[in-house]
Number of protein chains: 4
Amino acid sequence: MNYTTKTIVVRYVETDQMKFVHHSNYLKYFEMARLEWLASLGVSYASMEKDGILMPVISLKTELKKPLFFGDEFQITVSLKRPPTATLEFVYHIVNQFGQKVCEGNTILAFLSSEKNCPIRCPKFLLDLFT
Amino acid sequence: MNYTTKTIVVRYVETDQMKFVHHSNYLKYFEMARLEWLASLGVSYASMEKDGILMPVISLKTELKKPLFFGDEFQITVSLKRPPTATLEFVYHIVNQFGQKVCEGNTILAFLSSEKNCPIRCPKFLLDLFT
Amino acid sequence: MNYTTKTIVVRYVETDQMKFVHHSNYLKYFEMARLEWLASLGVSYASMEKDGILMPVISLKTELKKPLFFGDEFQITVSLKRPPTATLEFVYHIVNQFGQKVCEGNTILAFLSSEKNCPIRCPKFLLDLFT
Amino acid sequence: MNYTTKTIVVRYVETDQMKFVHHSNYLKYFEMARLEWLASLGVSYASMEKDGILMPVISLKTELKKPLFFGDEFQITVSLKRPPTATLEFVYHIVNQFGQKVCEGNTILAFLSSEKNCPIRCPKFLLDLFT
């Protein structure tokens, strides 16, 4: 099971003086991809937060194959690396407008109760979605 | 009454492909200046938020005289434009390591009750500080 | 003459702990609007930069009427305030998914020769576009 | 051989609505640490770029142990993981004002000729510094 995002266009402000997209932005792109995926599955992360469930990133990894430049258009394919447990591990691939693989990465997210400020298990509706 | 910040160094990520600091970053610098000033007066903005008082920016203005570059060092002088009312208006001047005026700007902040989600008056301890 | 952007969705990373979009992001949104407008008119800003013409922002102003939140969808209408001279002044209005006016702002951009590092006049093809 | 940065204070804009520092910012902190280290060794990265040598990040990894909050003060210890080759691998540890380990990470940087737009070897002065 995986999901491919709508086309995303590189913003001018995302470049740095090397003329490449600054590497920190790939993490922002990954976040957009997983939230867009969840939304496509009917899961509003905004509502989850209102219900007291936070999903902070606790681990991240990215391999950059080719730079992205201002105005480039790309899509991200996101999938789960393994069935959900106490954490969720997402895998991402970014492909640019020329069909070139730009980067791949993964992030691990935990579940946190905002009220008790402690780790909790994956909510049942997410477990059901992904298994 | 005014305050001059510690020296701030331009971060690489704050540049864009023009090699200048992206203009959106000046607003971040101004924010650092007013929070550092408040802290120097014994006011913890973090505590204010915990007490339910938010200070969102509702108006901003910046004139950029000279670009800042990666590695540049600068200081910000911040002052109040007028005694506090329902809003606070801060004025900022940025001067670089060569003593050159880089930019000036101002921001107007409102007071908001996070509980009631509505505008409130300037808290008395801030009024007392600034009058 | 004015232009209205495609719908833009607020990214999670654009919020701050007040839960509002941080005010510095409005400048990034305005930039997207004017570059999308130029692109729609057949002007590639990336090409302009390769030809040695930079367009730094030298003045900016924003009035924030209502906050934007994570997941909000909005559009920006951008227009020129006056015929181009040595500078270009753009005016922006942001309207959210409920048709509410979120903010308005304007930015003044100069023309700069990247080779000579000095101000230049508005290129003829832009003058022709906007007059 | 390693280096510990000056104290860095978390900026308000670096938080997101979870009230934590957004994970993308750790990469910006790491960048500050390695550039501050290079500067302390007499290496100006700005000059390297002017001489046509770029150092893009091609791989990154971060484990987040504890969140950072607005106003937190932290220091980064940075070291080289191995002697320089065609790439440089930096390792980072962030410790907050309470002496708690906040996160650790590493980044691999390549050397790129900005003129020829192709990978090059580690410049001799860097090799000499780090071996």
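In the hairpin of S6(C) and S7(C), C:Gly99 takes a positive phi near 80 degrees, and 4 residues lie between the strands. The model is predicted: local features need pLDDT of at least 70, side-chain atom pairs count only at pLDDT 80 or more, and totals for chains, interfaces and linings use all residues. Residues are numbered from 1 along each chain as its sequence is written, while chains are lettered from A and ligands numbered from 1 in the order in which they are written.

**Chain A: fold and dimensions**

- Chain A holds 3 helices and 9 strands. Both kinds of element are DSSP runs, numbered from the N terminus: helices are H or I with at least four residues, strands are E with at least two.
- Read from the N terminus, the order in chain A is β-β-α-α-β-β-β-β-β-β-β-α.
- Chain A has a radius of gyration of 16 Å, close to the 14 Å that the globule rule gives for 131 residues, so it is as compact as a globular protein of that length. The radius is taken over C-alpha atoms, and the rule is 2.2 Å times the number of residues to the power 0.38.
- The C-alpha trace of chain A spans about 45 × 30 × 20 Å along its principal axes.
- Of the 131 residues in chain A, 35% are buried. Buried means that 20 or more other C-beta atoms, placed from the backbone, lie within 10 Å of the residue's own.
- Among contacts in chain A with a separation of 6 or more, 66% link residues 24 or more positions apart. A contact needs C-beta atoms, placed from the backbone, within 7 Å.

**Chain C: antiparallel strands**

- S5(C) (residues 73–80) and S6(C) (residues 87–96) run antiparallel and are joined by 7 bridges. Strands pair if DSSP finds at least two bridges between them.
- S5(C) and S6(C) form a hairpin with 6 residues between them.
- C:Val78 stands opposite C:Tyr92 in S6(C).
- S6(C) is also joined to S7(C) (residues 101–110), by 9 bridges in the antiparallel sense.
- C:Val91 has C:Asn106 in S7(C) as its bridge partner.

**Chains B and C: the interface**

- On each side, 17 residues take part: 17 of chain B are in contact with 17 of chain C.
- Two elements of chain B, helix H1 (24–40) and strand S4 (57–64), each give two or more residues to the side that touches chain C.
- S4(B) gives the largest share of that side, 8 residues.
- The side of chain B that touches chain C has 10 nonpolar, 4 polar and 3 charged residues. Ala, Val, Leu, Ile, Met, Phe, Trp, Tyr, Cys and Pro count as nonpolar, Asp, Glu, Lys and Arg as charged, and the others, Gly among them, as polar.
- S4(B) pairs with S4(C) (residues 57–64) over 5 bridges, antiparallel.
- B:Leu60 stands opposite C:Thr62 in S4(C).
- 100% of the interface residues of chain B are also interface residues in chain C, so the copies meet through the same surface.

**Symmetry**

- Chain A superposes on chain D by a rotation of 180 degrees with 0.0 Å of shift along its axis (RMSD 0.0 Å). That is the relation of a two-fold axis.
- In chain A, A:Lys61 has the C-alpha nearest the axis, 2.1 Å from it.
- Chain B superposes on chain C by a rotation of 180 degrees with 0.0 Å of shift along its axis (RMSD 0.0 Å). In chain B, the C-alpha of B:Lys61 is nearest that axis, 2.1 Å from it.

Note on methods. A residue is buried if 20 or more other C-beta atoms lie within 10 Å of its own, exposed if 12 or fewer, and partly exposed in between; C-beta atoms are placed from the backbone. Two residues are in contact if their C-beta atoms, placed from the backbone, lie within 7 Å. Copies are superposed by least squares on the C-alpha atoms of residues with pLDDT of at least 70 in both.
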